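Student: I have a new structure to look at. Can you walk me through some parts of it?

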Amino acid sequence: ISLCMSSLSNTTMGASSSPSESAVATGAASRPGLFGSQLPWADPAWYRAHASPYYGPSHAAFRLKVRAFVDKELTSSNCTAWDEKKALPRAIFKKAFEAGLLPGVVGPPWPTALVGRSFNPYPAGTNGPNAEFDAFHELILVDEICRCGSGGVVWGLVEGLQIGLPPVLLFGSQALRERVAPSCLRGDKVICLCISEPTHGSDVANLKCDAQLSEDGTHYVVNGEKKWITNGMFADYFTVAVRTGKPGSAHKGISFLLIERNMPGVSTRQMLCSGVWASGTAFVTFEDVKVPVDNLIGKQDEAFKYIMYNFNHERWGFVVQANRFARVCLEESAKYAMKRRTFGKRLIEHPVIRWKLAEMARQVEATHAALETLTYQMCTMNKTEQNAKLGGDIALLKVQATKVFEYCAREAAQIFGGASYVRGGQGEKVERLYREVRAYAIPGGSEEILLDFGVRDAVRRYESQSKM
């Protein structure tokens, strides 16, 4: 059964319209059975048979389905090979779709009309009651994929789609959606989001990539550069923020264009980053690219609000990813501490190691609990209400998750010692994730920007309510 409504629904859920809402109100909660290795804190609390008001049978079934895919396809050997190659095989996107997973990364509701199949949370050979895809299914999907322990593989597989396609889905014309979305959701094509530039990252309002409408009004001519573009090296489509307004128009002069790789003047080159290698991070150049006006996403000069609209879901995704990667560091550390011996006893028998594990565990568990609370809010609010009420909370939780990730990566490296300084071997995941911390602390809004935004948003809402 569905425990929450679509986070993209335009209708606010009533007080009695959600089973999860009534369960919380009455104190009722489901208690799924044990799942996973049961190594201390290797998985969220509900995997350990803790009662939860958020998850029902369809969520437990979907968890099994996603884990089977991850354990089969996103193996350590595959992640290492794809990282070294700095790209994912195209076949993995199709496999993720055939497994019934890939469309879920753009968030609820499940895009049945675009992919030609409805949401089915149940593993092959099993069935159950019909279920509505909700934000907790998406949380499970992203969280389980991150068990692979490679930010590059995760970003390569889901990030471009998760942040690049929603503007098309939400604001693009029906013709554009029908032309572009099905192939991306089915794993046949790859899309990416292009906002950051060499001189502008978090300062979105002052981006410079220029788009001039032709005199005959049939196309835009785009010139400019984009930097740190996830999936840019192998993307077929680029959702690009451009300046269509006059110089100095700031946020009032930004538009979204869907640019296609086969358009003359589009070029990409690999960026050599410290981490997330398999994600195809690119420097993208547009030189006199002619883009048909039919590829305009939404209205001209109004894309700044589309970008802000997209940020909550993007940052929520970063929270899910960063906290699971912190948990992977904790899990790997616990496993290693139980077998590694120093000074005549196992590491786990040293008080200082137990202290390190406890510090990691309390932060990971607390962050996941906050994530579940926020996810539930996403289930009970329409998109407009989410943007009005949750922006600051999501921003602060993104900072919380990335700081916890950074802490756990460091402590895991200390527990592994020299093994964490070597690519490959027992400390492979820890070594990789330690390099990838900055890829979470900066993109989607740096920690400093988001901390400031969180306070400003809270003050704005308080003062607005005080005037009522």
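**A strand and its neighbours**

Tutor: Ile254, Phe256, Leu258 and Glu260 point one way from strand E5, Ser255, Leu257 and Ile259 point the other way, and all are buried. Buried means under 20% relative accessible area, exposed over 50%, and partly exposed in between, with a 1.4 Å probe and protein chains only. This is a predicted model, where local features need pLDDT of at least 70 and side-chain atom pairs count only at pLDDT 80 or more, while totals for chains, interfaces and linings use all residues. Residues are numbered from 1 along each chain as its sequence is written, and side-chain values use heavy atoms, with hydrogens and water left out.

Student: Why do the side chains of a strand go two ways?

Tutor: In a regular strand the side chains alternate between the two faces of the sheet.

Student: Which residues make up E5, and how many are buried?

Tutor: E5 covers residues 254-260, and seven of its seven residues are buried. Strands (E, at least two residues) are DSSP runs, numbered from the N terminus.

Student: Which strands does E5 run antiparallel to?

Tutor: Strand E4, residues 237-243, is joined to E5 by seven bridges, and the two run antiparallel. Strand E8, residues 296-297, is also antiparallel to E5, with two bridges. Two strands pair if DSSP finds at least two bridges between them.

Student: Which residues face each other there?

Tutor: Ser255 in E5 stands opposite Val242. Phe256 has Ile297 in E8 as its bridge partner.

Student: New topic. How many disulfides are there?

Tutor: The count is zero, where a disulfide is a pair of cysteine sulfur atoms within 2.5 Å.

Student: Is Cys209 buried or exposed?

Tutor: Cys209 is buried, at 2% relative accessibility. Cys273 is partly exposed, at 28%.

Student: Where is Asn231?

Tutor: Asn231 lies in the loop between strand E3 (219-229) and E4. Asn231 is buried, with a relative accessible area of 1%. Leaving aside neighbours within four places in sequence, its contacts (heavy atoms within 4.5 Å) include Trp155, Leu161, Cys192 and Ser279.

Student: Which residues line the second largest cavity?

Tutor: Asn231 is one of them, and others include Phe93, Leu102, Cys184 and Lys189.

How values were computed:
Helix = DSSP H or I, 4+ residues; strand = E, 2+ residues; numbered from the N terminus. 1 Å grid on protein atoms, 1.4 Å probe; cavity = no way out; pocket = protein on both sides within 12 Å on 5 of 7 lines; lining within 4 Å.
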